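Here is a short tour to read with the model open beside you. Please keep the viewer at hand as you go.

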Amino acid sequence: MSRGLKGGVFKGLLFLSLLVGFLMLAALLVDVFQDGLPYLDLTLLTNPPSSDPKIAGARPAILATIYIGVLLLLFVVPIGVGTAVYLEEYADKRRWYNKLLEINIQNLAAVPSIVYGILGLAFLVRGIGLGRVLLAGAMILTLLVLPTVIIAAREAIRSVPDSIRQGGYALGATQWQVVSRQVLPAAIPGIATGSILALSRAIGETAPLIMIGAVTYISFDPTILGPFTALPIQIYSFLRLPQEEFKLLAAASIIVLLAILLTLNAFAIFIRNRYRRTW
Amino acid sequence: MRISFQQELDELEALLRVEGELVLRSLRGAVEAVCSQDVELADEVIAFDDDIDAQYFEVEQGIELLLARQTPVASDLRLVLALLKDNLHLERMGDLCTTIAKLTKLTKGLPPDETLLAGFKEMGERAEQMIRVAIRSLEQRDRVAAESLLELDELIDRANRRVVNRLLEIGHDLEVREWGLRMILVSRCLERIGDHAVDIGEQTAYLVTGEFREFTDASRQ
Amino acid sequence: MITTTGQASTIEPMSLAEIAREHGDENVASRESVFQVRDLAVSYSGNTAIREVGLDVLKNAITAFIGPSGCGKSTLIRCFNRMNDLVPGAKVDGEVLYHGKDLYAADVDPVEVRRRIGMVFQKPNPFPKSIYDNVAFGPRVLAMKDDLSERVEGALQQAALWDEVKDRLKESALGLSGGQQQRLCIARCLAVEPDVILMDEPASALDPISTTRIEDLMHELKRQYTIVIVTHNMQQAARVADMTAFFSVDVAPDGGRRTGILVEYDKTAKIFTTPADKRTEDYVTGRFG
């Protein structure tokens, strides 16, 4: 086979794999949109669920998802960035305990989400007696995505060239001043992107929430220390109802969920591009 | 740009000009001493050569340092090399003036010839003029002025030949002959001073054009 | 006089009096010394990078460290502002006196040291902030309360950069050319009013014209500051430095350990016209290695 032909075949195969993924996704989306678009209206967003599909909505679930998202950011960003700063700037990398810490974080990122669910149930719901509340859900999702945020923050901090730090120190700045005034500001794009991606992953998680006791049917607005459900769970519960219309409502809810996720991801990309630096 | 380098070059040129002034003083003193047979003045001229040598040494050191530290190239390099050679020419001129002074001392008491002395006076003035032109043409990078030195030198050469002829005329007396032979050397010194001035002019032309060319003249052949 | 016979032997630091006597230059003797280095050795995780260094750095003079790569000149200059503290495993033995006080004494705060002794690096490293914020960073972190804008302008003027940036102080520093960025780094350093400016190969990443500008700037700055420069460009040292120290690499007999040593330290004119040590001569004439 000539070299040109080989190149062409290779290119073709690559395109094919792209096509496969793309087509599957497209098929999924087309199916969902066909079913759900007619049912995407204000009632979905503003009404609580009910047994009557005509007035059923997903409001508590949407609100709960939003609350969880906000709490998640409030928890995961300080803890994640703080850990990353410690590991990158302050820790003596040669010490054994720091090496151990490093390995563990990599491992934690790979743990299946249901394990976090069990963890939450044992320690948060029962152990400290928090109960089956939204706060517990937010906390456990925090733990789930924390390793990802730490890794993203570390990458962002590492990508700040050492010459910047040296320049700061040479002017007489203390370590804290260099970190807070040079390193972190320069690392914000990476940290922001990582956090938002972590958030969008967490929003789609179902298993841990079910484990710690999210309910499948709730008709009042959620509070932080009260029972709750989340959008993925609501979708699942819609699908289990007998009426055909609920399936279509489920499709509409999926569109809402996808919209939230896409918006978050677009925001992450926007931040990444806007603040991209060339050193 | 390269401010300190330019300053150093300017300082070297200034030092060289000072050396030129010293040589002019020495020349005037030497010619005056020979024309009025003034032995004390001759001694002063001989002692003064130390000043010229000191200046020569300072310029030479300065050039060595400049070459080592600034690595001049192109026209800067030609300038430094020209200054190096001009420095030598000026120092040689100083030595020639000293020789004239020594010859003056040696011929003390011998009978002078007025015509010859008048000739020396004229040659001295010519030589002075040539030194001035040489130094000024370097300062102003004036190639035409530098080349004019050749014509001036021609005048000194002719005067030198007249000295020999004059001596043949008057050299019957033993003492006059002795004086005359020494005076031929004085004449030769003055003529050499003129040649050195021409050489300085050649360096200036080299500096300006980048080519070294001896100023040739038909009458030299 | 620094002389070594054959292999490296104990180096005696050249005191000012000795330098003055050597060259009959009374001006030199009247200059006070800013740094006095005695028997200095630096090692990284047990490997000695440079040893047995002794010299005096003179006030308001430009002192250059030259030598082949690996001779420890960058390591040495970083001892003067305790930047080696930031390298894990770095150990400094010996004495570095700054105006008579031991820089490495237990009660000395490295942050305070770096305020007085500034540094400009090989690759210009402006912060990813505006030009104004770059120069203002130092005064801000050191809580220098007086008029910041005046300070910034003054520093930029001293660094011969003001005219080129005065209309765009709020623009990003990363938009400047390489030569401008390096002058910005110098301005940044000057804004905190240091006593000494250390320059680690400040012009090696720059084009020839920018290099000449930096060199002219150094001549200006040395009136007010003391400057120490590391350079691998000998001609640069010849052009700018008043005093030059030549370092070389001492290879252990078994061909293993490579350590930097000070070979000769003298007036630049001497180093480049009649160096005392053959190794210096070999290096400056380009016959080294």
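## Before we start

Two strands count as paired if DSSP finds at least two bridges between them. Helices (H or I, at least four residues) and strands (E, at least two) are DSSP runs, numbered from the N terminus.

This is a predicted model, in which local features need pLDDT of at least 70 and side-chain atom pairs count only at pLDDT 80 or more, while totals for chains, interfaces and linings use all residues. Residues are numbered from 1 along each chain as its sequence is written, and chains are lettered from A and ligands numbered from 1 in the order in which they are written.

## The sheet of chain C

Chain C holds an open sheet of 10 strands with mixed pairing, in the order S5-S4-S1-S2-S10-S9-S3-S8-S7-S6. Strand S5 (101-102) and strand S6 (117-120) of chain C stand at the edges with a single partner strand each, so one side of each has no neighbour in the sheet. As background, strands of a sheet pair through backbone hydrogen bonds, either parallel or antiparallel.

Let's look at some of the pairs. Strand S1 (residues 33-44) and strand S2 (residues 47-58) of chain C run antiparallel and are joined by eight bridges. They form a hairpin with two residues between them, and C:Ser45 in the turn has a positive phi of about 45°. C:Ser43 has C:Thr48 in S2(C) as its bridge partner. S2(C) also pairs in the parallel sense with strand S10 (residues 258-267) of chain C, over two bridges, and here C:Arg51 stands opposite C:Ile261 in S10(C). Another parallel pair, with four bridges, is strand S3 (residues 62-66) of chain C with strand S8 (residues 226-230) of chain C; C:Ala64 stands opposite C:Ile229 in S8(C).

## Two helices of chain B

In chain B, the axes of helix H1 (residues 3-35) and helix H3 (residues 74-106) come within 9 Å and cross at roughly 20°. Axes here are lines fitted to C-alpha atoms, for helices over the stretch in contact, and angles run from 0 to 180 degrees between N-to-C directions. That angle makes H1(B) roughly parallel to H3(B), a term for angles under 35 degrees.

Residues are in contact if their C-beta atoms, placed from the backbone, lie within 7 Å. Among the residues of H1(B) that meet H3(B) are B:Leu9, B:Leu16 and B:Val23, and the H3(B) side includes B:Leu79, B:Leu90 and B:Met93. By class, the contact of H1(B) with H3(B) has 15 nonpolar, five polar and four charged residues. In this grouping Ala, Val, Leu, Ile, Met, Phe, Trp, Tyr, Cys and Pro are nonpolar, Asp, Glu, Lys and Arg are charged, and the others, Gly among them, are polar.

## Chain A and its domains

Chain A has 11 helices and zero strands, and its C-alpha trace spans about 70 × 70 × 30 Å along its principal axes. An automatic or database domain assignment gives domain 1 (3-38) and domain 2 (45-274) of chain A. Their C-alpha centres lie 30 Å apart. Four residues of domain 1 of chain A are in contact with five residues of domain 2 of chain A.

## Where chain A meets chain C

Here 17 residues of chain A are in contact with 20 residues of chain C. Helix H7 (162-170) and helix H8 (175-203) of chain A are the elements giving two or more residues to the chain A side, and H7(A) provides the largest share, six residues. By class, that side of chain A has six nonpolar, seven polar and four charged residues.

Technical notes. Two residues are in contact if their C-beta atoms, placed from the backbone, lie within 7 Å. Angles under 35 degrees count as roughly parallel, over 145 as roughly antiparallel, 65 to 115 as roughly perpendicular and the rest as oblique.
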